[in-house]
Amino acid sequence: MSDGTSVLLWSVGGVLVAATLAAAVVLVVKLVRTKRLLSDTGIPMSKKVLFWGAIVYLVSPVDLLPDPILLDDLGVLLLALRSLDKAVPRGISGASRQDSDPRP
């Protein structure tokens, strides 16, 4: 392998690691904000179960992709967070709803 090829591979690997870490930080922030929504009775139980299932998948040793590649884990968790966010009724004031709510 030439020096140019190895530098390119290391650069691509570094970018992938940095992107995965950035996505993980965003998810941690969203998880902290989601804690309030899980105690709300206005959220359907199916959405709460989907969220907890995503958490179990995140920590389980069985994955679609090997563990150094967290894209499947992050994708499942993002899907669960998005469905939970869409299930939030209009009257609940969460951080994500305050930003998108057009009412004063």
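1. Basis. The model is a predicted one, in which local features need pLDDT of at least 70 and side-chain atom pairs count only at pLDDT 80 or more, while totals for chains, interfaces and linings use all residues. Residues are numbered from 1 along each chain as its sequence is written, and side-chain values use heavy atoms, with hydrogens and water left out.

2. Overall make-up. The chain has four helices and zero strands, with helices taken as DSSP runs of H or I of at least four residues, strands as runs of E of at least two, and both numbered from the N terminus. Read from the N terminus, the order of elements is therefore α-α-α-α. Of the 104 residues, 24% count as buried, where buried means under 20% relative accessible area, exposed means over 50%, and partly exposed lies in between (1.4 Å probe, protein chains only). Among contacts in the chain with a separation of 6 or more, 55% are made by residues 24 or more positions apart, a contact being heavy atoms within 4.5 Å.

3. Pairing of α1 and α2. The two helices pack at an angle of about 145 degrees, and their axes are 11 Å apart; axes here are lines fitted to C-alpha atoms, for helices over the stretch in contact, and angles run from 0 to 180 degrees between N-to-C directions. The crossing is left-handed, a term used if the near helix is turned anticlockwise from the far one by less than a right angle, with clockwise giving right-handed. On the α1 side Leu31, Thr34, Leu37 and Leu38 take part, and they meet Lys48, Phe51, Trp52 and Ile55 of α2.

4. Helix α2. The end C-alpha atoms of α2 are 21 Å apart, which agrees with the 21 Å that its 15 residues should span at 1.5 Å a residue, the expected span being 1.5 Å times one less than the number of residues. Lys48, Phe51, Ala54 and Tyr57 are buried in this helix, and what covers the buried residues of α2 includes α1 and α3.

5. Helix α3. With 16 residues, α3 reaches 22 Å from its first C-alpha to its last, close to the 22 Å expected at 1.5 Å a residue. Its buried residues are Asp72, Asp73, Leu74, Leu77, Ala80, Leu81, Ser83 and Leu84, and they pack against α1 and α2.

6. The largest nonpolar core. A nonpolar core is a set of buried Ala, Val, Leu, Ile, Met, Phe, Trp, Tyr and Cys residues joined through side-chain atoms within 4.5 Å. The largest one holds 13 residues, of which Leu27, Ile43, Phe51, Leu77, Leu81 and Leu84 touch the most other members. Two or more residues each come from α1 (3–38), α2 (45–59) and α3, and the largest share, five residues, is that of α3. Leaving out residues up to four places away in sequence, Leu27 touches Leu74, Leu77, Leu78 and Leu81.

7. Ser83 sits in helix α3 (residues 71–86) and counts as buried because its relative accessibility is 14%. A polar atom of the Ser83 side chain lies 3.0 Å from the backbone oxygen of Ala80, and, neighbours within four places in sequence aside, Ser83 is in contact with Lys47 and Leu50. Asp85, also in α3, counts as partly exposed because its relative accessibility is 26%. The C-alpha atoms of Asp85 and Ile43 are separated by 9.3 Å, although the two residues are 42 residues apart along the chain.

How values were computed
A polar contact is a pair of N or O atoms within 3.5 Å; within protein, one must be able to donate a hydrogen and the other to accept it, and residues adjacent in sequence count only if both atoms are side-chain atoms.
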